[in-house]
Amino acid sequence: VQLQACGGGLVQAGGYLRLSCAASSRFFGTYVMGWFRQAPGKDREFVAAITWSGGSTYYTDSVKGRFTISRDNAKNAVYLQMNSLKPEDTAVYYCAAEFTTKLEVRGYRYWGQGTEVTVSS
């Protein structure tokens with residue numbers, strides 16, 4: 001599966017962005033989808049994940065209540081709505097796909113290119 005993320009940009013603290021990730025596979029509806037991020041000088045980290053049906057979602061503690069992951073299987077797309085952004089959310093954000101629910105980087109085989117998010121204070 002090929003993944004293409006977009007929607008990043010520069011935003012002030014307290015603002016919002018919506019990231020999108022489009023998938024090429026006709027089997028998109030069978031994948032668990034995840035969002036990850038990598039800040040400068042840091043390791044890539046888990047942000048959020050959503051099961052194939054959208055029935056279950058998972059978040060890292062630092063984004064709970066601010067970020068929302070969702071998907072539209074008819075459009076082969078997954079989204080990350082990011083509200084109340086903080087400077088510490090600055091990172092390159094990646095979408096990823098896997099057949100089983102994983103909440104860590106090494107659990108995903110399929111990755112898109114990143115989209116950069118910069119939050120200014």
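**Exercise 1. Take strand β7 and describe how it pairs with β8 and where its side chains point.**

Step 1. Start with the pairing: β7 and strand β8 (residues 77-82) run antiparallel to each other and are joined over six bridges. The structure here is a predicted model.

Step 2. Look at the connection. Four residues separate β7 and β8 in a hairpin, and asparagine 76 in the turn has a positive phi of about 55°.

Step 3. Pick out residues that face each other. Threonine 68 stands opposite glutamine 81 in β8, and isoleucine 69 is opposite leucine 80 in β8.

Step 4. Now follow the side chains along β7.

Step 5. Four strands make an open sheet with antiparallel pairing, in the order β1-β3-β8-β7. Its edge strands, each pairing on one side only, are β1 (3-6) and β7 (67-72). On average, neighbouring strands of this sheet are turned by 15° against each other, direction ignored.

**Exercise 2. Work out the surroundings of phenylalanine 28, beginning with the arginine over its ring.**

Step 1. Locate the residue: phenylalanine 28 is in the loop between β3 and β4. Its relative accessibility is 0%, so phenylalanine 28 counts as buried.

Step 2. Check for a charge over the ring. The charged end of arginine 71 sits there, 4.6 Å from the centre of the phenylalanine 28 ring.

Step 3. List the contacts, leaving aside neighbours within four places in sequence. Phenylalanine 28 touches Ala23, Met33, Arg71, Asp72, Asn73, Asn76, Ala77 and Val78. Among them is Asn76, the hairpin residue with the positive phi.

Step 4. Phenylalanine 28 and glutamate 98 are 70 residues apart in sequence, and their C-alpha atoms are 9.8 Å apart in space.

**Exercise 3. Find which cysteines form a disulfide, and say where they lie.**

Step 1. Apply the distance test. The cut-off is 2.5 Å between sulfur atoms; those of cysteine 21 and cysteine 95 are 2.1 Å apart, and the two form a disulfide. The count comes to one disulfide. With 60° about the S-S bond, this link of cysteine 21 and cysteine 95 is right-handed.

Step 2. Cysteine 21 is in strand β3 (residues 17-23) and cysteine 95 in strand β9 (residues 91-98), so the pair ties together parts 74 residues apart in sequence. Cysteine 21 is buried at 1% relative accessibility, and cysteine 95 is buried at 0%.

Step 3. Account for cysteine 6. Cysteine 6 is in no disulfide, and the nearest cysteine sulfur, that of cysteine 21, is 8.4 Å away. Cysteine 6 is partly exposed, with a relative accessible area of 42%.

**Exercise 4. Classify the ring pairs of tyrosine 31 with phenylalanine 99 and of phenylalanine 36 with phenylalanine 46.**

Step 1. Begin with the total: a search of the whole structure finds seven aromatic pairs.

Step 2. Take tyrosine 31 and phenylalanine 99. Their ring centres are 4.5 Å apart and their planes are at 25°, so the pair is stacked. Tyrosine 31 is in the loop between β3 and β4 (32-38), and phenylalanine 99 is in the loop between β9 and β10 (110-111), 68 residues apart. Tyrosine 31 is buried at 5% relative accessibility, whereas phenylalanine 99, at 41%, is partly exposed.

Step 3. Turn to phenylalanine 36 and phenylalanine 46. Here the centres are 5.7 Å apart and the planes are at 75°, so the pair is edge-to-face. Phenylalanine 36 belongs to strand β4 and phenylalanine 46 to strand β5 (residues 45-50), so the pair ties together parts that are 10 residues apart in sequence. Both phenylalanine 36 and phenylalanine 46 are buried.

Step 4. Ring pairs join Phe36, Phe46, Tyr94, Tyr108 and Trp111 into a cluster.

Conventions:
Residues are numbered from 1 along each chain as its sequence is written. This is a predicted model: local features need pLDDT of at least 70, side-chain atom pairs count only at pLDDT 80 or more; totals for chains, interfaces and linings use all residues. Side-chain values use heavy atoms; hydrogens and water are left out. Helices (H or I, at least four residues) and strands (E, at least two) are DSSP runs, numbered from the N terminus. Buried means under 20% relative accessible area, exposed over 50%, partly exposed in between (1.4 Å probe, protein chains only). Rings of Phe, Tyr and Trp (its six-membered ring) pair if their centres lie within 6.5 Å; planes under 30 degrees apart count as stacked, over 60 as edge-to-face and the rest as tilted. A charge sits over a ring if NZ of Lys or CZ of Arg is within 6 Å of the ring centre and within 35 degrees of the ring normal. Two strands pair if DSSP finds at least two bridges between them. Axes are lines fitted to C-alpha atoms, for helices over the stretch in contact, and angles run from 0 to 180 degrees between N-to-C directions. Contact means heavy atoms within 4.5 Å.
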